[in-house]
Amino acid sequence: MLMRLVQISRPVLWVNTIGTTVIGMWLLGDLWRWDVLPLLLWVTLPFNLLIYGVNDIFDQETDAQNARKGGHEGARILGSETRPIVLGVLLTNVPFLVFFMVTLPPAALAWIAAYSVIFVFYSMPPLRFKARRYLDSLSNAAYAFPLVFVPLAVGEQPIWSAAIGLMAWSVAKHTYDAVQDIDEDRAARIHTTAVHLGARGATVWSAIWWALSTVGFALINWPVALVNALIAGWLVWSLGRDPTPATAHRLYRYSIIFPYVAGSVAGTQVVAAILLGMYP
């Protein structure tokens, strides 16, 4: 069952939580801080199980009709697995959250609480952001919250241009990736931003938010901004040439790689600057 819970947590997407937490630590000017370790452990299996386990529980009907579910793009769970998933989410997350309540300052706790609540209600009724146009996309800005709560947790101030830039990036990527599910979501009457705007409109929406993210990144690091603009531009151009769910599905593999590449460019520079005494 443990291996099944790991599969449900979608390890290929852990970079979205681990990567932002590590970058949040590096932006403080340290390669490693022991006081960040509890947060870093939490955003591995526990928090990803919270995100995707809750999602899979409430998406069982639509996932059963979605051909791309059942592999690295998301599990297809059975009704009998609901209880073990709920227990897994609670047992892995509650101890961390209690620890944070005892040890972290209120400002960090507020952002951690928002991080958790947004992702729970992304899938869970009655709010269920994923079925509400624009809110489904905008709620994914929460992926950037570690850039805010990591520094606040250790008594430092966030680098807001980086955090806001990553929030915009996350909004763009969510809608871009959702284009491949337009047909299934429309059939299930799930009114996502991609369904509402259509494939072409969703491509434009993503392009706008990726452009905003490039501006945010440029305020702190032009190589990251350049890499972001090049990859995002290519993804938008490729989908714009043939704006269909089938095209979006073919491009999804490259969308998955996007944060790995951009994060590596950012991380390598921060680490080099720290080692050379150029940062902070």
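Predicted model: local features only at pLDDT ≥ 70, side-chain atom pairs only at ≥ 80, totals over all residues.
Let's begin with the overall dimensions. The C-alpha trace spans about 55 × 45 × 30 Å along its principal axes. A compact globule with 280 residues would have a radius of gyration near 19 Å, and the chain agrees with that because its own value is 18 Å.

Next, have a look at one pair of helices, α13 (residues 222-241) and α14 (residues 245-275). Their axes come within 10 Å and cross at roughly 175 degrees. An angle over 145 degrees counts as roughly antiparallel, so α13 is roughly antiparallel to α14. On the α13 side, the residues that meet α14 include Val-227, Ile-231, Trp-234 and Leu-235. Among their counterparts in α14 are Leu-251, Tyr-254, Phe-258 and Val-261.

Now turn to the second largest pocket, which holds about 210 Å³ of space. Of the 13 residues lining this pocket, Leu-50, Val-54, Val-89, Leu-90 and Val-120 are the closest to its centre. The helices α4 (45-58), α6 (82-103) and α7 (106-123) each supply at least two lining residues, and α6 gives the most, with six residues.

| Contact of α13 with α14 | 16 residues | five residues | no residues |

Terms used:
Residues numbered from 1 in each chain as written. Heavy atoms only, no water. Axes fitted to C-alpha atoms, helices over the stretch in contact; angles between N-to-C directions. Helix = DSSP H or I, 4+ residues; strand = E, 2+ residues; numbered from the N terminus. Parallel < 35°, antiparallel > 145°, perpendicular 65-115°, else oblique. Contact = heavy atoms within 4.5 Å. Nonpolar A, V, L, I, M, F, W, Y, C, P; charged D, E, K, R; others polar. 1 Å grid on protein atoms, 1.4 Å probe; cavity = no way out; pocket = protein on both sides within 12 Å on 5 of 7 lines; lining within 4 Å. Points joined across faces, edges and corners; volume = space filled by probe spheres on them. Rg over C-alpha atoms; globule rule 2.2 N^0.38 Å.
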